[in-house]
Amino acid sequence: MSNSIKLPKKLMLLGSGELGKEFVIAAQRLGNYVIAVDRYANAPAMQVADCAEVISMLSADDLEAVVTKHQPDLIIPEIEAIRTEKLLEFEQRGITVIPTAAATNYTMNRDRIRELAHKELGIRTAKYGYAVTLKELVAISDELGFPNVVKPVMSSSGKGQSVVANKDEVEKAWNYAIANSRGDSQKVIVEEFINFEIEITLLTIKQWNAPTIFCSPIGHRQERGDYQESWQPAGISEDKILQSQEIAKKVTDALGGAGIFGVEFFITKDEVIFSELSPRPHDTGMVTLISQNLNEFELHLRAVLGLPIPHIEQLGPSASAVILASEKSDSISFAGVAEALAEKDVDVRLFGKPTAHPYRRMGVALAKAENVEQAREKATVAANKVQIISG
């Protein structure tokens with residue numbers, strides 16, 4: 001991309017959840033035109049985009065129709081469950097796919113990114129195996145030992161993931177993984193359980209014509225394979241930060257293109273172990289809405305448009321905590337928002353999702369404080385004050 005970048009650009013977002021919504025807001029601030037696409041109407045990003053399209057994301061014909069209609073300059077996937085071979089076609093026609101069509105295709109399946117890291121790049125990952133039947137899962141689980149972790153190769157936000165303590169729990173884990181698999185995959189990955197001190201996300205920004213840069217590592221805590229809270233800085237040694245940066249650069253260089261990558265690691269007492277990667281803004285990175293001068297969505301936008309990122313500043317100990325629904329509802333309102341916002345250095349984002357179901361992420365509380373412990377406490381207290389009222 002040349003130095004005289006002309007705006008606005010026409011951006012097509014495939015997947016329109018809460019991460020997409022923040023990305024659209026960043027894009028709109030620089031006057032771009034955004035088409036938000038998803039499988040259901042009134043998705044969060046559609047509420048702030050210039051126009052919206054509801055399609056089946058796994059239908060090549062639907063994707064073809066929507067791209068032909070709008071002729072975007074860039075296609076920006078926000079979710080995994082997309083007919084990715086169609087993206088290769090669009091790229092061949094001269095539409096930029098972020099980070100690249102090949103990278104999107106690669107990262108759609110957990111198994112492929114793991115193979116790339118482990119087999120091709122020689123990076124330390126958890127020991128793992130695959131199964132397409134319960135019988136295979138039993139055999140691989142025995143081989144890897146217990147406890148282990150079972151998850152679908154294709155899913156989002158940790159859906160279908162479980163920790164298996166012993167042989168008796170293997171069948172339940174299989175059923176749960178298959179029930180929560182995205183797309184048309186009937187394949188699970190089983191991996192060794194790593195006794196880590198902390199899990200981190202290293203937001204890695206790959207640029208078209210400038211060096212790869214990194215945000216300060218983000219620590220996070222998961223439940224049911226889904227993020228519950230995140231904090232920045234993560235509080236790991238400089239040596240481990242450098243190791244994680246080196247690995248993240250190696251993997252993202254192999255994938256190519258431009259944009260932000262959420263690269264996840266297990267940090268143990270002695271090791272930095274590559275876990276997985278998303279070629280887009282990361283849910284744990286929502287903490288950057290309060291913790292950085294440029295949040296992850298603004299960084300993603302600048303990287304994909306080829307705009308300069310002269311400096312990323314971390315603004316001090318910060319945290320995010322999710323606001324989860326507890327029941328199914330088609331009509332939602334919120335109470336307790338005023339109480340949550342009464343505390344200094346606390347902010348709240350409500351995503352505007354049209355429906356709720358148990359454990360669905362409906363919003364996030366953000367906080368800054370003197371230290372990370374206080375920030376986490378503040379964010380959690382604020383999140384707990386927000387009540388979701390159905391009906």
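**Reading helices and sheets in a predicted model**

User: Let me start with a pair of helices: at what angle do helix 6 and helix 7 pack, and how far apart are their axes?

Analyst: Helix 6 (residues 134-144) and helix 7 (residues 170-179) pack at about 125 degrees, with 10 Å between their axes. Do keep in mind that this is a predicted model.

User: What word describes how helix 6 and helix 7 lie to each other?

Analyst: Angles from 65 to 115 degrees count as roughly perpendicular and those over 145 as roughly antiparallel, while the rest, once those under 35 are set aside as roughly parallel, are oblique. Helix 6 and helix 7 are therefore oblique to each other. Their crossing is right-handed.

User: Which residues make that contact?

Analyst: From helix 6 come Leu 134, Leu 137, Val 138 and Ser 141, and from helix 7 come Val 170, Glu 171 and Trp 174. Sorted by class, the contact of helix 6 with helix 7 holds 5 nonpolar residues, 1 polar and 1 charged.

User: How many bridges join strand 6 to strand 9?

Analyst: Strand 6 and strand 9 (residues 188-192) run antiparallel and are joined by 4 bridges. For a place to look, find Tyr 130, which stands opposite Ile 189 in strand 9.

User: What about the sheet with parallel pairing: what is the order of its strands?

Analyst: That open sheet has 5 strands in the order 3-2-1-4-5. Its edge strands are strand 3 (51-54) and strand 5 (96-97), and each pairs on one side only. Further in, strand 1 (residues 10-14) and strand 4 (residues 74-77) pair in the parallel sense over 4 bridges. Leu 14 has Pro 77 of strand 4 as its bridge partner.

User: Which helices can I find on this sheet, and which strands do they touch or lie across?

Analyst: Two to look for are helix 1 and helix 2. Helix 2 touches strand 1, strand 2, strand 3 and strand 4, and its direction makes about 165 degrees with that of strand 1. Helix 1 (residues 18-29) lies across strand 1, strand 2 (33-38) and strand 4, running at about 175 degrees to strand 1.

User: How do helix 2 and helix 3 lie to each other?

Analyst: The axes of helix 2 (residues 60-70) and helix 3 (residues 84-92) come within 9 Å and cross at roughly 30 degrees. That makes helix 2 roughly parallel to helix 3. Helix 2 passes helix 3 in a right-handed crossing. On the helix 2 side the meeting residues are Ala 60, Leu 63, Glu 64 and Val 67, and on the helix 3 side Lys 86, Glu 89 and Phe 90. By class this contact has 4 nonpolar and 3 charged residues, and no polar ones.

User: And at what angle do helix 1 and helix 10 pack?

Analyst: Helix 1 packs with helix 10 (residues 296-305) at about 60 degrees, their axes 8 Å apart. The two are therefore oblique to each other, and their crossing is right-handed. Among the residues that meet are Phe 23 and Ala 26 in helix 1 and Phe 297 and Leu 301 in helix 10. The contact divides into 6 nonpolar, 1 polar and 4 charged residues.

User: Finally, how many helices and strands are in the protein chain?

Analyst: The chain has 12 helices and 20 strands. Its C-alpha trace spans about 55 × 50 × 50 Å along the principal axes. With 391 residues, a compact globule would have a radius of gyration near 21 Å, and the chain's 20 Å agrees with that.

Key
Residues numbered from 1 in each chain as written. Predicted model: local features only at pLDDT ≥ 70, side-chain atom pairs only at ≥ 80, totals over all residues. Heavy atoms only, no water. Axes fitted to C-alpha atoms, helices over the stretch in contact; angles between N-to-C directions. Left-handed = near helix turned anticlockwise from the far one by under 90°. Contact = heavy atoms within 4.5 Å. Nonpolar A, V, L, I, M, F, W, Y, C, P; charged D, E, K, R; others polar. Pairing = 2+ DSSP bridges. Rg over C-alpha atoms; globule rule 2.2 N^0.38 Å.
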